[in-house]
Amino acid sequence: MIAAGCRFFAGYPMTPFTEVLEEMAKKLPAVGGVCMNAESELEAVGMAWGAAATGTPAATGSTGQGLSLMQESLAEITLARLPLVVLNMARAQGDYWQATRGGGHGDYRHLVLAPVDLVEAVELVQRAFFLAATWRNPVLVLGDYYLAHTARAVDVAPLDVGPAPAKEWALTGESGGTGRAKLVSFLGSAKQRDGAGYDLAVHYAACAEHTATMLREVAPEADTGFLDDAEVVVVAFGTPGAYVRSAVRNLRSEGVRAGWIRPITLVPFPSEVIAAAARKAKAVAVYENNAGQMLDDVRLSVLGDAPVAFIGGLSLDASGFGIAPDLQVSVLRRRILDVAERHR
């Protein structure tokens, strides 16, 4: 985040997000930034909202429970057209619907990125800041317990993602009292004057058009393997995607024609990649550490071209943090093989 230019971060401690907050508190002051340990997630998102409105690259986050408290603000930040990066260091994968649909009000969408490991997280977090600035829209990075508790040597050199967009909209205070003061609000950018109020219909329609354009122009991304002749295609996101990839390679070495798709962008979802693979496959399998959420998006992508089997499910330790006992290559290999044999 710091390599991407982030200079304001706010959050409230909640494992496994706490470690991110602690590290930002250590590292931001050294580059002239500010990190706030807020009273709650409500204050944290409000602080980040204020910083983002000044044009300062800002971020906040939590785990799923904390993000539930932020939903009203995240919806209104989107309608106010503000760039913000939001982290969800999830305790399992039960926050997929929250991340991709949101729990706020109105017609709003966030771009959502799901890294598989720390190396990819370093890249995707930097791209998240660029996407947020480009589209003036929150971007959510969906991590998990493994990502937050893994130590690994990584290259954190800044990515060359192109020139930063101009921030003529930012509230810097320079135009105050001039008659040209700016307004950043979820009610619109038109100022209210005597005898004239906001036309919310115009603002909401403009926001909807902007969102549609963003979802159309941001290219969906997925990591794939062995799809050319795959009879069973396995779809998984985040950390489990690495285990699925290993299980598929294991099965390939035994002659089983399996392949994998790991969505990197959850919004926009790589529906075309999944649809194309399903048209050639005999079955599609979905693994996620929840009761089945991305499963809906896979079924909508496949649209009946192949049977879709759910091979995931809740797998937690006593804390519910998402340390999955069944997240093992040997376990996934058996489940994928069962699907392949049923549809051979």
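Ala, Val, Leu, Ile, Met, Phe, Trp, Tyr, Cys and Pro count here as nonpolar, Asp, Glu, Lys and Arg as charged, and the others, Gly among them, as polar. The model is predicted, with local features needing pLDDT of at least 70 and side-chain atom pairs counting only at pLDDT 80 or more, while totals for chains, interfaces and linings use all residues. Residues are numbered from 1 along each chain as its sequence is written, and side-chain values use heavy atoms, leaving out hydrogens and water.

**Exercise 1.** Describe the largest cavity and the classes of its lining residues.

Step 1: a cavity is a set of points on a 1 Å grid over the protein atoms alone where a 1.4 Å probe fits but cannot get out, and lining residues have an atom within 4 Å of a point.
Step 2: the count comes to 4 cavities of 30 Å³ or more, and the largest holds about 60 Å³, a volume being the space filled by probe spheres set on the points, which are joined across faces, edges and corners.
Step 3: 14 residues line the largest cavity, and Gln93, Asp144, Tyr146, Asn289 and Gly322 are the closest to its centre.
Step 4: by class, this lining of the largest cavity has 9 nonpolar, 3 polar and 2 charged residues.

**Exercise 2.** Characterise the second largest cavity by its volume and its lining.

Step 1: its volume is about 50 Å³.
Step 2: the residues lining the second largest cavity include Ala90, Leu142, Phe237 and Gly238.
Step 3: the lining of the second largest cavity divides into 4 nonpolar, 3 polar and 2 charged residues.

How values were computed:
On a 1 Å grid over the protein atoms alone, a cavity is a set of points where a 1.4 Å probe fits but cannot get out, and a pocket is an open set with protein on both sides within 12 Å along at least five of seven lines; lining residues have an atom within 4 Å of a point.
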